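User: I am new to this structure and would like a close look at one part of it, followed by its surroundings. Please keep the wording plain.

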Amino acid sequence: MKPETLAIHASNLVKNTTGDVTPPINLSTTFFRDENGGYPGGHMYSRVSNPNRSALENTVAKLEYGEDAAAFASGNNCGMSLFQALKPGSHILAPDDMYWGIKKQLLTIFNDSLEFDFVDQTDLELIKKSIKPNTQMIWIETPSNPLLKVTDIEEIAKIAKANGAILVCDSTFGTPVLQNPILLGANIVMHSSTKYLGGHSDVLGGIVVTAKKDEFWEKIRNIQQTGGAVPSPFDCYLLCRSIKTLAYRVKGHCESGKTVADYLVRHPNVEAVFYPGLESHPQHEIAKKQMKDFGGMMSFLVKGGVEETIKVVNKVQLFAQATSLGGVESLIEHRYSVEGPDSKTPKNLLRISVGLEHVDDIIADLAQALG
């Protein structure tokens with residue numbers, strides 16, 4: 001089935017006597033055992049599994065062409081679990097433009113147990129030179145946050161395989177309907193399901209999908225079920241509901257994203273625009289090769305420095321000045337002030353998540369804010 005069809009039907013796992021077309025929310029934390037001590041319903045305890053979580057995991061695994069998926073309480077917890085599954089002393093090769101929340105985990109939580117380097121992953125030769133004997137994981141993020149760098153998944157998958165490393169791709173900006181890293185050779189793909197999968201800024205979650213149910217995946221499953229950082233049944237229900245419209249929401253984000261990027265490129269008060277759909281983007285050809293479309297995320301540099309940038313972000317009226325992305329509403333954020341003084345993000349950069357409002361209204365708001 002095509003992604004549009006899978007997104008609607010893959011979560012309909014729950015069979016019941018009332019004939020619900022939409023699966024119900026199953027709030028039970030525990031489940032009946034039979035006379036032999038087994039679990040005829042397939043579930044024992046909701047920390048280990050739950051009908052709603054199984055439906056969510058089945059849906060995203062199918063959309064990403066993986067063998068299995070594990071849902072977590074947040075996108076950050078996906079990163080935590082993947083890093084916890086590595087042996088102490090393992091080396092991780094990560095992108096220099098890495099989502100700050102996951103990067104902060106490496107710098108402040110795993111700094112005593114893991115080794116890591118942050119490199120420009122658009123440079124394949126640099127990646128090859130940065131591999132160490134103890135490199136166990138290459139972590140890529142494409143498109144990246146907030147500079148929208150595009151990493152060649154297929155080429156880095158070859159490097160990872162040649163060096164016995166696990167390739168993990170954070171595809172939150174990509175979404176399963178725009179790119180499928182597993183089909184390009186990645187071992188694991190992750191999403192902050194808070195973003196495009198949820199799409200309405202009302203549910204927190206994360207999910208990882210594996211190409212194969214191997215030994216490393218069993219460690220992830222154990223961390224999920226034993227550690228217990230899992231989404232609630234209601235969160236899973238909301239995500240399944242939202243994923244049913246994912247393909248059509250993303251089409252709208254992409255269409256408006258292109259129009260907004262074209263507008264910003266021509267604006268005299270904009271210094272640069274970072275959007276993989278622009279021919280001027282340095283990795284545009286790679287994006288064309290591995291993405292079906294280019295999404296609704298972009299960032300741009302305001303001419304004149306940080307004071308002018310803050311003025312712009314404070315003048316918008318339709319855009320919400322808020323963290324996060326991928327919702328139906330347009331969001332704008334000054335990333336440097338979120339990431340702190342150690343951030344390498346330019347101080348005059350604004351990241352925007354183009355929502356599903358009419359594109360003329362989105363551009364009118366940017367026009368009045370930019371002057």
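In which helix does Y336 lie?

Analyst: Y336 lies in helix α12, which covers residues 335-339. The model is predicted, so local features need pLDDT of at least 70 and side-chain atom pairs count only at pLDDT 80 or more, while totals for chains, interfaces and linings use all residues. Residues are numbered from 1 along each chain as its sequence is written, and side-chain values use heavy atoms, with hydrogens and water left out. Helices (H or I, at least four residues) and strands (E, at least two) are DSSP runs numbered from the N terminus.

Y336 has a relative accessible area of 19%, so it counts as buried (under 20%; exposed is over 50% and partly exposed in between, with a 1.4 Å probe and protein chains only). Leaving out residues up to four places away in sequence, Y336 touches P341, S343, T345, P346 and K347 (a contact means heavy atoms within 4.5 Å). L349 is 13 residues from Y336 in sequence, and their C-alpha atoms are 7.5 Å apart.

Strand β12 (349-353) also takes part in the packing of another helix, α11. Helix α11 runs over residues 306-315, and T309, V312 and V313 in it are buried. Seen down the helix axis, these buried residues fall within an arc of 95°, so they line one face of α11 (the arc is that of the directions from the axis to the C-beta atoms). They pack against β9 (297-302), β10 (320-321), β11 (331-334), β12 and α13 (359-370). The face turned away from this buried side carries E307, K311 and N314, which are exposed.

S256 is found in α9 (residues 246-266) and has a relative accessibility of 11%, so it counts as buried. Apart from residues up to four places away in sequence, S256 touches V354, G355, E357 and V359. S242 belongs to α8 (residues 233-243) and counts as buried at 1% relative accessibility. With neighbours within four places set aside, S242 is in contact with L197, G198, H200 and R249. The C-alpha atoms of S242 and I182 are separated by 23 Å, and these two residues are 60 apart along the chain.

The backbone has some points to note. Most residues other than glycine have a negative phi, and most peptide bonds are trans. The loop between β4 (135-141) and α6 (153-162) holds P143, and it also holds P146 and L148. The peptide bond from T142 to P143 is cis, with omega near -15°, and the bond from N145 to P146 is cis, with omega near 15°. L148 has a positive phi near 55° although it is not a glycine, and it is buried at a relative accessible area of 1%. T175 has a positive phi too, near 65°. It sits in the loop between β5 (166-170) and β6 (188-191), and at 2% relative accessibility it counts as buried.

The structure holds one cavity of 30 Å³ or more (a set of points on a 1 Å grid over the protein atoms alone where a 1.4 Å probe fits but cannot get out). The lining, meaning residues with an atom within 4 Å of a point, consists of P95, D96, D97, D120, Q121, T122, E141, S144, K149 and T151. One of these residues is nonpolar, four are polar and five are charged (Ala, Val, Leu, Ile, Met, Phe, Trp, Tyr, Cys and Pro count as nonpolar, Asp, Glu, Lys and Arg as charged, and the others, Gly among them, as polar).

As for the whole protein, there are 13 helices and twelve strands. Of its 371 residues, 54% count as buried. Among contacts with a separation of 6 or more, 69% are between residues 24 or more positions apart. The C-alpha trace spans about 75 × 55 × 35 Å along its principal axes. The radius of gyration is 21 Å, which agrees with the value near 21 Å for a compact globule of 371 residues (taken over C-alpha atoms, the rule being 2.2 Å times the number of residues to the power 0.38).

Terms used. On a 1 Å grid over the protein atoms alone, a cavity is a set of points where a 1.4 Å probe fits but cannot get out, and a pocket is an open set with protein on both sides within 12 Å along at least five of seven lines; lining residues have an atom within 4 Å of a point. Grid points are joined across faces, edges and corners, and a volume is the space filled by probe spheres set on the points.
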